[in-house]
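Here are my notes for a colleague who is coming to this structure without having seen it before. Please read them with the sequence and the structure open beside you.

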Amino acid sequence: MDTVDLVRMLIHDARSELSADPRISAEIDAELAACQRRLDEPLRVALAGTLKSGKSTLLNALVGEEIAPTDATECTRVVTWFSRSATPRVDLTHDGGQHTALPVNRAAGRLRLDLGPVSADRVERLEVGWPSSLLDQYTLIDTPGTSSNSYDVSARTLKFLTPDEGSCPADAIVYLMRSLHSTDVTLLRSLHEHAGTGRGALGIIGVLSRADETDGGRTASLDAARQLSTQLRTDRQLAGLHRDFLPVSGLLALRGQTLRQREFVTLFQLAALPPDVLEAALVSPGRLMATDLAIATPDREQLVATFGMVGIRIAISLICSGASDAPALATELVRHSGLDQLRETLSTRFGSRNRQLKAHSALRTLRSILLRHRSPRTVRVFRSVDRLLADNHCFTELRLLAGLAALPVPEPTRIALDHVLGGRGTSAATRLGLPPDASPTHTRAIALRAIRYWHDQLGEPLLDQPTARTYQAAIRSCEAIIAS
Ligand SMILES: Nc1nc2c(ncn2[C@@H]2O[C@H](COP(=O)(O)OP(=O)(O)O)[C@@H](O)[C@H]2O)c(=O)[nH]1
Ligand SMILES: [Mg+2]
């Protein structure tokens, strides 16, 4: 029986024990049923960061369609769930559980969300159902973000990510920041503390967002962003707060996936201008409109609205480097954006651990429900929940991986631990750094060598407790490889 089945069984046991208790309401049973359903849903990944860090744009880029609003409407002020659905739908829950189906309006390829007369503070849940292969894998949750000048929006975001009661409804978080700001350090620290107490998401991927703007778009490349993210990876303020830090331009990724022939033609015409004329025209949107060019004004306006000046510069430089038709430019924009690396990291960090992360979240939720409704009938189930959380080695691995960045160990040791604990994939070969076709005999020999190595590390004098626990878990992971 695998971990998910064990969790399913415990939820089932809790439901049948509690259903015999007349004091237990239908509401609690519904909570338990939701907890059970969660095991069959895709993994929940929340996008977090400050306001305007590019969360909604990146969500659209990941899905490949403009379904998350980026304009300053009421909708961008509430936490919005995007989940798989055979047909598009928008469901609003508000004012103490009232459900309203909102119309699905699309204009110029964008979904227009409109809460109607319901203000953001009355919204309990806004959910967009959309047919999308990415949403088959992940339920994405767009948070409005934190901002020093919008108290209610920040409060809603923090209540979702770091709730005072219960646990964060997301299994994993993609955290976006444009540069290193003290508010990011504070929020990241709080997310980590929450994860440490078992009430927060266990996986966090850091993203240097709006990467095309890093140097003001001057070099028309993402090299500056790559340099900055390398610096940030070793920045002392961020020490212990992240394992991955990827430069991504959600805007370029989105434009690549939604590029129209007409936009390409306008960009191509601009790219063909004499360099001095082009340079002068690209100084600002106003100059681009005012310059006397044989390009229709609505086409220029459209380009500024969708690409922005930095995006236009980058697209032109990609055309000049050889992207000579719309499909080629679309491919280059996406390749340049860093989206593929983000997708890959999502898949190695979260995809391969999908079932375990969900099982862990469901178990934590079950635990908090049982704690709230203590009853002699559920003592046995409660103990089993705690035992499973403490003894199940894959949960131990998940928790240790979440805390790996904070261990006081040299970087090569951290990387080796990340591998052996299954942070880069859970196959024996990935854990031991072997080729996928390594023979069982060779795998076993290397696993034994790894056990000896981590044992030796355990003998280090003055070893702190968290590091010692992590080395012990590494030994257990290797023993599990040998046993299987
Ligand atoms: N240049 C550039 N602009 C971006 C990028 N991502 C978002 N933006 C712009 O930044 C603004 C805020 O973006 P949005 O996605 O709504 O941010 P959110 O508040 O974090 O959801 C919008 O005007 C976007 O067009 C990006 O990767 N590059
Ligand atoms: Mg947004």
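How many helices and how many strands are there in the protein chain?

1. In this predicted model, the protein chain contains 21 helices and 11 strands. Its radius of gyration is 25 Å, close to the 23 Å that the globule rule gives for 484 residues, so the chain is as compact as a globular protein of that length.

2. As to overall extent, the C-alpha trace of the protein chain spans about 80 × 55 × 40 Å when taken along its principal axes. Of the 484 residues in the chain, 39% count as buried, and among the contacts with a separation of 6 or more, 74% are accounted for by residues 24 or more positions apart.

3. Turning to the ligand, there are 19 residues around ligand 1, of which Gly54, Ser56, Thr57, Thr70 and Leu251 come nearest. By class, this shell around ligand 1 is made up of 11 polar, 5 charged and 3 nonpolar residues.

4. At least two residues of the shell around ligand 1 are supplied by each of helix 3 (55–63), helix 8 (250–258) and helix 12 (297–320).

5. A further point concerns helix 17, which covers residues 393–403 and in which Phe395, Glu397, Leu398, Leu400, Leu401 and Ala402 are buried. The buried residues of helix 17 pack against several other helices, namely helix 6 (182–196), helix 15 (354–372), helix 16 (379–391), helix 18 (411–420) and helix 21 (465–483), and also against strand 10 (203–208).

Key:
Residues numbered from 1 in each chain as written. Chains lettered and ligands numbered in written order. Predicted model: local features only at pLDDT ≥ 70, side-chain atom pairs only at ≥ 80, totals over all residues. Near = placed C-beta within 6 Å. Helix = DSSP H or I, 4+ residues; strand = E, 2+ residues; numbered from the N terminus. Nonpolar A, V, L, I, M, F, W, Y, C, P; charged D, E, K, R; others polar. Buried ≥ 20, exposed ≤ 12 C-beta atoms within 10 Å, placed from the backbone. Contact = placed C-beta atoms within 7 Å. Rg over C-alpha atoms; globule rule 2.2 N^0.38 Å.
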